[in-house]
Amino acid sequence: MGEKSKRWIDLILSAHSHVQLNHPIGVTNPAGETTNIVQAKEAGAFVGRVDYEVDTTMKRAHLVDHHLVQVDESIEEDGEVKARIDEVNLELVDIFGNV
């Protein structure tokens, strides 16, 4: 493979370490471009939003915006989403039993 065929990672969505990153951490990849690392804490406390702009001509993407939205009682419950989650949870209980 030629050097031009290498592809690098633009974004890492971190999970499990329970860290709240209010701003992306930028790491320089071997191509000299930035790979951004983001994380939204744990247990659904936040939802992270990441906006990227993709340049299909240059075959590059860059971070436009990132922010965390705290999930609390100010966020209205979506009945349709809750119904689907409840349905999936019942399917999982059928497979694994109550855990």
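Asn-29 touches Trp-8, Ile-9, Thr-34 and Thr-35, leaving aside residues up to four places away in sequence; contact here means heavy atoms within 4.5 Å. The model is predicted, so local features need pLDDT of at least 70 and side-chain atom pairs count only at pLDDT 80 or more, while totals for chains, interfaces and linings use all residues. Residues are numbered from 1 along each chain as its sequence is written, and side-chain values use heavy atoms, with hydrogens and water left out.

Asn-29 is placed in the loop between strand E2 (25–28) and strand E3 (34–38); strands are DSSP runs of at least two residues, numbered from the N terminus. The Asn-29 side chain reaches the backbone nitrogen of Ala-31 at 2.9 Å.

The table gives relative accessible areas, where buried means under 20%, exposed over 50% and partly exposed in between (1.4 Å probe, protein chains only).

| Residue | Relative accessible area | Class |
|---|---|---|
| Asn-29 | 10% | buried |
| Val-69 | 34% | partly exposed |

Val-69 belongs to strand E5. Strand E4 (residues 46–55) and strand E5 (residues 60–70) run antiparallel and are joined by ten bridges; two strands pair if DSSP finds at least two bridges between them. Glu-53 has His-62 in E5 as its bridge partner. A hairpin is formed by E4 and E5, with four residues between them, and Lys-59 in the turn has a positive phi of about 55 degrees.

Definitions and conventions: A polar contact is a pair of N or O atoms within 3.5 Å; within protein, one must be able to donate a hydrogen and the other to accept it, and residues adjacent in sequence count only if both atoms are side-chain atoms.
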